Amino acid sequence: MRELAQGVVLPLAAEVDRDHRFPDEAVRAAAEAGLMGVLIPREYGGAGLGALAFAICIEELAQACASTAVIVDVHTSVGTEPILLFGSEEQKMRWLPRLASGELLGAFALTEPASGSDAASLTTTARRNGDGYVLNGTKVFITNIGRAGMYVVFARTGPEDKAAGITAFLVPGDTSGVRVGQVFDKMGLHGSPTGELVLEDVSVPEANRLGAEGQGFTVAMRALDSGRIGISGQALGIAQAAVDEARGLMLERGHEQGDDFALADMATRVESARLLAYQAAWLCSRGRPFTRQASMAKLHSTDTAMQVALDALQIAGDGGARAGSPFERHVRDAKALQIYEGSNQVQRIVIARDLLKAG
Amino acid sequence: MDFEFTAEQVAIRDTIRELVQDRVAPRAAEIDQSGEYPKDIEKLFAENGILGIPFPEEYGGISGSSVTICMGIEEIAKACASSSLILAVQALGSYPILVAGTEEQKKRLCPPLAAGEKVAAYALSEPGSGSDAGAMTTRAKKYGSEYVLNGTKQFITHGSIAGTLVVFAQTNASDDHRGIAAFVLERESSPWKVEKLEHKLGIRGSPTAQIVLEDVKVPAANRLGDEGAGFKLALAVLDRSRPGIGAQALGIAEGAFAYALNYVKERKQFGQAIASFQGIQFMLADIATQIEAARHLVFQAATKVDAKAPDLTKIAAMAKLFASDMAMRVTTDCVQLLGGYGYISDYPVERMMRDAKITQIYEGTNQIQRVVIARALLR
């Protein structure tokens with residue numbers, strides 16, 4: 001894993017960031033190493049590993065290149081896990097082997113222009129039409145946009161307001177009516193395409209409905225729980241890279257106590273975040289409740305990544321702020337993590353709700 | 001990687017938890033207000049085997065595991081930080097014997113400590129030698145089969161009530177860390193003088209003494225390790241005891257948070273429980289997350305003590321640093337959550353905030369922890 005990350009992914013990181021290009025070679029190498037199917041059971045062509053191994057894989061990738069890490073993370077967790085958790089045997093047989101091999105890249109389409117943290121208010125529709133459904137709407141901030149062979153799309157099937165009317169669908173990227181809208185220029189994660197997914201009279205057979213009608217919100221929330229473990233891994237990787245690079249620079253140019261103390265605080269925070277993330281993964285892989293822990297891990301590790309990346313840049317000084325320096329890239333990359341897969345404000349709501357419920 | 005305690009550890013924790021709820025928690029406010037050492041709690045801990053936790057069975061104890069010690073300290077500190085030091089300092093004062101003692105010394109010195117018949121203490125700091133422990137001036141001069149000790153030791157937790165005191169002193173003229181040795185003083189045969197007891201911001205039920213040694217005779221058989229090996233031993237002991245201070249900080253924070261969480265659910269303003277306000281909820285989420293992060297570092301460090309892991313020094317310093325800074329922040333926030341009631345001594349959180357402060361200072365200030373961590377990182 002480390003060999004792949006350091007040998008193949010890392011040398012591409014600066015270029016991918018500079019040119020805003022998809023790291024094809026890195027994703028291919030990750031697929032060859034079996035990473036795209038790390039969570040998929042062996043009978044469907046995957047590695048059959050658990051959440052902890054998954055978190056560590058994403059951490060290693062992100063230490064080299066945060067863009068590559070999020071591409072693989074979104075594919076592996078929210079882009080694939082819904083099928084693992086809610087798919088029929090037929091659906092698993094049909095989709096998982098190709099997702100495991102990397103032939104298909106997965107993506108997750110929940111967010112809409114007017115429905116972010118309030119996911120239950122989404123307005124994309126799925127109308128019954130004979131044996132299938134017709135989907136209409138616009139999804140936004142979709143990671144792996146244009147690259148994905150399969151999108152897990154959430155749409156409203158029922159008249160019910162809010163969560164109860166939402167259903168999940170598996171929509172191949174080449175389905176007629178599926179179009180890539182605007183692809184965004186972002187502050188960071190330049191190698192990972194993010195943009196709009198436009199659905200115009202997209203016909204989806206019933207066989208592609210994931211779970212029951214009205215179960216979509218549950219599918220989304222459960223997928224996000226483990227998605228948060230992946231994002232925690234990504235945060236740990238960025239943070240660890242920032243610590244290691246700051247350390248390397250200090251050893252090279254000499255250091256005083258002010259920077260020593262900053263480095264000590266950075267490393268301590270990363271260690272605490274790592275243990276929190278691993279514990280959430282450990283609970284997840286044992287089938288125990290882990291929603292609160294996953295939110296805590298996501299909140300703490302991404303806040304840590306942001307702080308540590310800023311501190312490392314401060315230690316590096318002018319040279320670190322120059323375009324092309326890993327220090328400034330880590331700062332730009334880290335910021336996204338506090339926002340996506342549930343902003344850190346949403347994580348606090350999840351945690352507080354659980355605390356107040358627990359009594 | 002395991003995130004679970006053994007069944008035995010859980011059983012010990014539950015026993016302590018119950019005992020603390022029934023017997024310690026009701027005494028905590030009074031202990032703080034009177035500033036008196038709770039001899040009754042010491043006795044309670046002795047009778048229930050809690051003071052035997054730091055010792056393996058062959059020396060009269062019940063465990064010897066740092067994880068178990070930390071669990072015990074955490075549970076007690078949830079209710080009363082002063083009382084948690086009864087266990088924490090029993091461990092600190094005994095570690096030098098367990099780490100550097102000969103089999104004969106361990107067999108002779110540990111059983112009374114494990115049984116709680118004697119209180120242990122640890123005397124390293126001096127008025128002019130705090131973070132710079134190598135600069136100590138207490139002297140130990142050898143005359144035949146005994147040493148004679150002279151000097152002053154500062155901020156000695158339980159120095160006034162201890163029966164067994166581990167003292168670090170210079171044995172040669174070089175006056176730096178290479179001349180230090182450790183000695184076990186037993187009060188009956190090597191009596192020391194308590195010069196004064198400090199008045200403190202917090203942990204008021206835990207006596208902190210200045211100790212004066214005037215021609216105190218100690219048998220050479222009570223020297224721990226070689227002459228000159230004392231400084232290394234002092235540091236090795238701190239590596240083992242720092243997770244315990246992290247556990248104390250953790251317990252204090254948890255105690256304050258449990259109280260505050262309950263309070264915000266009950267307290268009504270503007271016609272609703274203040275827990276329904278998002279500003280309050282976000283504070284709760286951050287507090288709980290910080291506590292959880294600290295808990296993992298503390299028990300990771302304790303696990304590394306038990307495993308004698310090579311990176312123990314770094315992780316132990318991280319656990320102490322992170323948990324104590326966390327406890328200070330969290331207890332301050334808990335006072336805030338209670339508003340005016342948080343500031344008055346009818347409610348426990350102001351005591352917990354005062355108690356938290358010391359965890360950032362003792363067993364190596366958090367500045368020293370950062371020095372230790374940075375040194376490990378930049379090696």
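A: Start with one pair: Thr157(B) has Thr208(B), in β7(B), as its bridge partner. This is a predicted model; local features need pLDDT of at least 70, side-chain atom pairs count only at pLDDT 80 or more, and totals for chains, interfaces and linings use all residues. Residues are numbered from 1 along each chain as its sequence is written, while chains are lettered from A and ligands numbered from 1 in the order written.

Our strand is β3(B), residues 146–157. Strands (E, at least two residues) and helices (H or I, at least four) are DSSP runs, numbered from the N terminus. Two strands pair if DSSP finds at least two bridges between them.

Take one neighbour. β7(B), residues 208–219, pairs with β3(B) in the antiparallel sense, over nine bridges.

Now take another. β2(B), residues 139–143, runs antiparallel to β3(B), joined by five bridges. Here Lys142(B) has Tyr147(B) of β3(B) as its bridge partner. β2(B) and β3(B) make a hairpin, with two residues between them. Gly144(B), in the turn, has a positive phi of about 60°.

In a regular strand, side chains alternate between the two faces of the sheet.

Now step back to the whole chain. In chain B, 27 residues are in contact (C-beta atoms, placed from the backbone, within 7 Å) with 27 residues of chain A. On the chain A side, α8(A) gives the most, with 15 residues.

Conventions:
Two residues are in contact if their C-beta atoms, placed from the backbone, lie within 7 Å.
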